[in-house]
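Visitor: I would like to learn how to read some features of a protein model. Could you walk me through a case?

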Amino acid sequence: MKHVWLVLLVALCFWACSGNQSAEEAAMEAVEDYYGSLLEGDYEAFLAGRADMDEAPASFREQLLVAYKQFIRQQQEAHMGVTSFTASRATMDSTLQLMQVFLLVNYADSMQEEIVVPMVERNGEWKMK
């Protein structure tokens with residue numbers, strides 16, 4: 001009977017832990033969501049994914065929104081557009097106190113490049129630095 005309880009306890013621990021996401025996974029998911037918004041043309045949602053944007057002046061926010069639109073247009077001209085953004089890995093930089101998320105930019109012309117997106121955790125949410 002002891003063994004049955006031990007097996008049940010171990011199974012319960014695995015079940016409880018399986019739903020928990022690591023910090024790296026959470027940051028990668030957040031980056032993919034933010035860049036997915038950018039790809040869909042939801043520039044406000046992409047901007048909301050940046051850290052400390054609540055305190056930014058409206059004029060600065062407008063400039064960023066224009067820059068995001070220009071970026072998408074430039075990628076359309078240079079690579080026939082972006083097809084997707086895929087997070088490949090993430091590493092914690094304890095010195096800088098941020099998560100470095102490596103994001104693959106997949107272009108329509110079959111080109112691919114990797115960028116690094118620094119992320120910080122603010123109030124339980126991962127935001128782009």
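Guide: Gladly! Let us begin with arginine 61, which is partly exposed because its relative accessible area is 24%; buried means under 20%, exposed over 50%, and partly exposed in between (1.4 Å probe, protein chains only). Keep in mind that this is a predicted model, where local features need pLDDT of at least 70 and side-chain atom pairs count only at pLDDT 80 or more, while totals for chains, interfaces and linings use all residues. Residues are numbered from 1 along each chain as its sequence is written, and side-chain values use heavy atoms, leaving out hydrogens and water.

Visitor: Which side chain meets arginine 61 in a salt bridge?

Guide: A salt bridge is a side-chain nitrogen of Lys or Arg within 4 Å of a carboxyl oxygen of Asp or Glu. Here the partner of arginine 61 is glutamate 44, at 3.8 Å from N to O. Glutamate 44 lies in helix H3 (residues 43–48) and arginine 61 in helix H4 (residues 58–79), so the pair ties together parts 17 residues apart in sequence. Helices (H or I, at least four residues) and strands (E, at least two) are DSSP runs, numbered from the N terminus.

Visitor: How many salt bridges does the whole structure hold?

Guide: The search finds 3. Another joins arginine 122 to aspartate 52, with the closest N and O atoms 3.4 Å apart. Arginine 122 sits in strand S3 and aspartate 52 in the loop between H3 and H4, so this pair ties together parts 70 residues apart in sequence. Then there is arginine 89 with glutamate 114, at 3.1 Å between the closest N and O atoms; these lie in strand S1 (residues 82–93) and strand S3, 25 residues apart.

Visitor: What pairs with S3?

Guide: Two strands pair if DSSP finds at least two bridges between them. Strand S2 (residues 98–107) pairs with S3 (residues 112–122) in the antiparallel sense over 8 bridges, and leucine 103 stands opposite isoleucine 115. S3 also pairs with strand S4 (residues 125–128), antiparallel over 4 bridges. In the hairpin of S3 and S4, with 2 residues between the strands, asparagine 123 has a positive phi near 50 degrees.

Visitor: Is glutamine 100 buried or exposed?

Guide: Glutamine 100, found in strand S2, counts as buried because its relative accessibility is 16%. Contact means heavy atoms within 4.5 Å; not counting residues up to four places away in sequence, glutamine 100 touches Arg89, Ala90, Thr91, Asp93, Val116, Val117 and Pro118.
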